[in-house]
Amino acid sequence: MRKLLTSILFLLVSALALHAQNVSDLIISEALAQPDSTGILDDYGRRSGWVELYNKSTGTVNFGGCFLTDDRTNLRKSLIPRSDLRTKLGPRQTIILYCSGNGHDGTFYAGFTLAPGKTVYLVSNDGRTVIDSLQIPAGIPVGKSVIKLAPDIRQQQFAAVQEPAAPSPGIINGNQNAATKGELMKERDPHGWILTVVSVSVVFSALAILWFLFWVLFDRPAKKKAVAAKGDVSPKKKKHVVLNGSEESAVAAAIALALDMEQGGDTYAAISAAIHLYLTEAVHDAEPGIITIRRKESEWNDKKLNLRRLPNR
């Protein structure tokens, strides 16, 4: 149950955050305070000041519940109704809100009139967050509007233009023919040398970084562990043992002991016997590196020990 409530709460918070993010994509793209005889007519046949909203996102935005005001101290001056489905503004579309002074005229009518020197604000549906604003110059001529212009309409980055402009309701203000970054790069580097050098440099730099990380994180610790497992493998000076004046015999004995590690117990017994005979001076080393065993008579071969002794009568 607790997991279910947590999931529902997470979905609600995500939905609210998504809605706030969509509303923040709205801008006031143009405003006209004093229309002339050529101005557009509203639904009642009147020429009033108006504000143009523009959705610069790629998704539909519902601006119902937001506020429009010209007073920074009263952000909830004119409410845009929530119940009207026409408040859903499509991607890269505009809508005109008339500032007739009577909000009861309809969904798209504000309860105040615009005047030169004022600033119009678009406020989020929380009644506190200002989404966007546009200042109307004090000396703007009658019939002229103030706009936000995008140097490149594809980048969707608008900036207010203080110089009066001819009204353009329902038209996106921006340069539609501005060169893209790819086109500018083609003009600066027609043969693609700069792009090639940059691409190759990025690839080799990334490979160098990966190699260094692999060497630090994996290769060096593995080598250290291998050295620790094998012990000290640094070359050391061997200690030569001279037995009975012969150094080669000691080497031969060491080789014999080493062979025991591979061959088994029989070899070990034979080598042990050879070393014992050598230490008892029963071995002569005529050849270097070779151990020979000299036969020595013992009582085991004495035939008289095999004779049966009879008791004396």
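A search of the whole structure finds 5 aromatic pairs, where rings of Phe, Tyr and Trp (its six-membered ring) pair if their centres lie within 6.5 Å, and planes under 30 degrees apart count as stacked, over 60 as edge-to-face and the rest as tilted. The model is predicted, so local features need pLDDT of at least 70 and side-chain atom pairs count only at pLDDT 80 or more, while totals for chains, interfaces and linings use all residues. Residues are numbered from 1 along each chain as its sequence is written, and side-chain values use heavy atoms, with hydrogens and water left out.

**Edge-to-face pair**

- Tyr 54 and Phe 158 pair edge-to-face, with 5.4 Å between centres and 65° between the planes.
- Tyr 54 belongs to strand β2 (residues 49–55) and Phe 158 to the loop between β10 (145–149) and β11 (159–165), so their contact ties together parts 104 residues apart in sequence; helices (H or I, at least four residues) and strands (E, at least two) are DSSP runs, numbered from the N terminus.
- Tyr 54 has a relative accessible area of 1% and is buried (buried means under 20%, exposed over 50%, partly exposed in between; 1.4 Å probe, protein chains only).

**Stacked pair**

- Trp 211 and Trp 215 are stacked, 6.1 Å centre to centre and 5° between the planes.
- Both lie in helix α3 (residues 193–230), 4 residues apart, about one turn of the helix.
- Trp 211 is exposed at 57% relative accessibility, and Trp 215 is partly exposed at 31%.

**Cluster and charge**

- Tyr 44, Tyr 98 and Tyr 109 are linked into a cluster by ring pairs.
- The charged end of Arg 72 sits over the ring of Tyr 121, 5.7 Å from its centre (NZ of Lys or CZ of Arg within 6 Å of the ring centre and within 35 degrees of the ring normal).
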